[in-house]
Amino acid sequence: MTAVTERPRTTGAAPAPVTAPPRRRVSPERVAAGLTLVALLVASLVALRSVDIDPARMLQSWANAERFFGRVGAIEFPPLGELLQLTALTLGLVICGTLLAAVLSVPVAVLAASNTTPGPGWRAAARFVTVLARAVPDVVLAMVFVLLFSLGTLPGILAIGLHSVGMISKLFADAIEQIDEGPRTAIRAAGGSRLQQFTAGVLPQVLPSWVATVLHRNDINLRGSVILGYVGVVGLGMEMSFAFKSLDYGLGLGYALVIFVLCVVMEIVSSSVRAAMLGIAPTGRGLGDRVVRRATRRRGAGHPAPSRPAITTVESALRRPWDRARRRDVSWGWLAVAVVVASIAVCDIAWSDLVTVWAKVPAVATRFWPPSFGSYEASTMVAAMGETIAIALAATVLTLVASVVVGSLAARNVAPSRGVRSGMRLLLVGIRGVPEVILAIVLIVVTGLGTQAGTLALALGGVGLLGKLLADSFEEVSPGPERALSATGASRVQVYAGATLPQGTRALIGHTFYMLDTNLRAATLLGIVGAGGVGYYLLNASQGSNYGTVTAIVLMILVTVLAVEGLAVWMRRVFR
């Protein structure tokens, strides 16, 4: 018989029963969120089928593209002087609009962040402003400002600036909520005002992240400026629209090629600046983080903490010597000032219009109210909005599939070699450089008018953004689980499936909802060039001066974007 070894017993005490650890109970809310994700996936697949993407028909339609390019002949460009002037005007307009958005976003972000807002009411109002700004398409804002200011640079600057507040203020607020509260708390304890707490305790920590956000939004605005040309905003986009409308396809493609090169160059420059800033502050906290580390080293070395640690360390950090890093920072700062001044000069803004425009506001506002569908049936407009939602869903699921593959191979900890990672990163930069409207125009030539062209344009263009976001998220996962699996002899695929992907799932969900939110607005705009959806009716209403219909369409878009934003917030809370 096998001897049975008993546990030593404590005198007078009953033996403790050995029980299995209790299973973690899955909350009903988490189950509901999972079911919602499944429902959205099913809806996306149904939408993908409804847009009727047919590769066989696309191949058959290639003859149309050949005939089109045969009629186009050689690509033409405007005279060099005119081209340089238009390029400078477009860049100046976009930079001024993005800078305006950045300035307006700072107070909105401070009110929207949970750790700096004066109260929950202010936070809710600021968050609503961010959603409202994202929901109203910049092309609609451009229509309004063209009516107020006529043609010129101001309509474009204001449209880009007010619309961009939605994204920039949201990301600014997220960065504020992630700061280290130590420096701010020390400044408050030393009697610092709210302004001093923000300038010395918050701003140094979030500045690198904020600058990166503004540069990223500037890239998006440059691509979006193309569609603004269709509603009267000056620049390369308007000249391209004139060329295509007059059937001068060679000149139109020439403008499109210039815009593509400009977007790629801007993307490369912005990426280089962001990488340099990450090198300055790898943790994303900049000066504030250096202050905290310095104070920690002093206390750890046996030195007593100073009586005013925050003020002393901030002042000493600001009085740091003129080393290479500081000279580089100052050089970048002066270069940025020079670019802003040159942009304002190129745009030749009529500042007096900002004073006299208020007399026109009541008359223009009455043209947009009350909302109505005009001569269209309500069922027709609802069906068109449903088509736009279907395009956005179908494009998002296609983008997700492609981005998981490309983004994974672009991640340093997933790619099989440095060459593969560099190639995938270069591919993502190239894709991001092509504005979706240009993709849509080319695909319309190949496949004809309709939802197929719009879906494919959004899907291809979205890979550049979502793929980069996923690659960055996969590179930021904790390396511990990956090393543990590698130590057990797991293959690269097993490490990815067992450690990298599970850790990046929350980021994947969040980025996908952001992509869906972006595609909803982009699908509306692509309808303007014939890619299906409610954008077609939006353009007709604006050209026919049926501005009540424009308002009704914007309200439908707002309701849809609010629903997506609510789902995204709920998902982030449940899966955090």
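**Exercise 1. Work out how helices α24 and α25 are oriented to each other.**

Solution. Let's start with the result: α24 and α25 are roughly antiparallel to each other. Now the steps, keeping in mind that this is a predicted model.

- Step 1: find the two helices. α24 covers residues 535–543 and α25 covers residues 547–574.
- Step 2: look at the geometry. Their axes lie 7 Å apart, and the packing angle is about 150°.
- Step 3: apply the cut-off. Angles over 145 degrees count as roughly antiparallel, so that's the label α24 and α25 get.
- Step 4: The crossing of α24 past α25 is left-handed.

**Exercise 2. Find which residues make the contact between α24 and α25, and sort them by type.**

- Step 1: on α24, pick out Y537, L538, A541 and S542.
- Step 2: on α25, pick out Y547, T549, V550 and I553.
- Step 3: sort them. You get six nonpolar residues, two polar ones and no charged ones.

**Exercise 3. Decide whether C96 is in a disulfide, or in none.**

Solution. Distance settles this one.

- Step 1: find the nearest cysteine sulfur to that of C96. It belongs to C347, 4.0 Å away.
- Step 2: compare with the cut-off. A disulfide needs the two sulfur atoms within 2.5 Å, so C96 is in no disulfide.
- Step 3: zoom out. The structure holds zero disulfides.

How values were computed
Residues are numbered from 1 along each chain as its sequence is written. This is a predicted model: local features need pLDDT of at least 70, side-chain atom pairs count only at pLDDT 80 or more; totals for chains, interfaces and linings use all residues. Side-chain values use heavy atoms; hydrogens and water are left out. Axes are lines fitted to C-alpha atoms, for helices over the stretch in contact, and angles run from 0 to 180 degrees between N-to-C directions. Helices (H or I, at least four residues) and strands (E, at least two) are DSSP runs, numbered from the N terminus. Angles under 35 degrees count as roughly parallel, over 145 as roughly antiparallel, 65 to 115 as roughly perpendicular and the rest as oblique. A crossing is left-handed if the near helix is turned anticlockwise from the far one by less than a right angle, and right-handed if clockwise. Contact means heavy atoms within 4.5 Å. Ala, Val, Leu, Ile, Met, Phe, Trp, Tyr, Cys and Pro count as nonpolar, Asp, Glu, Lys and Arg as charged, and the others, Gly among them, as polar.
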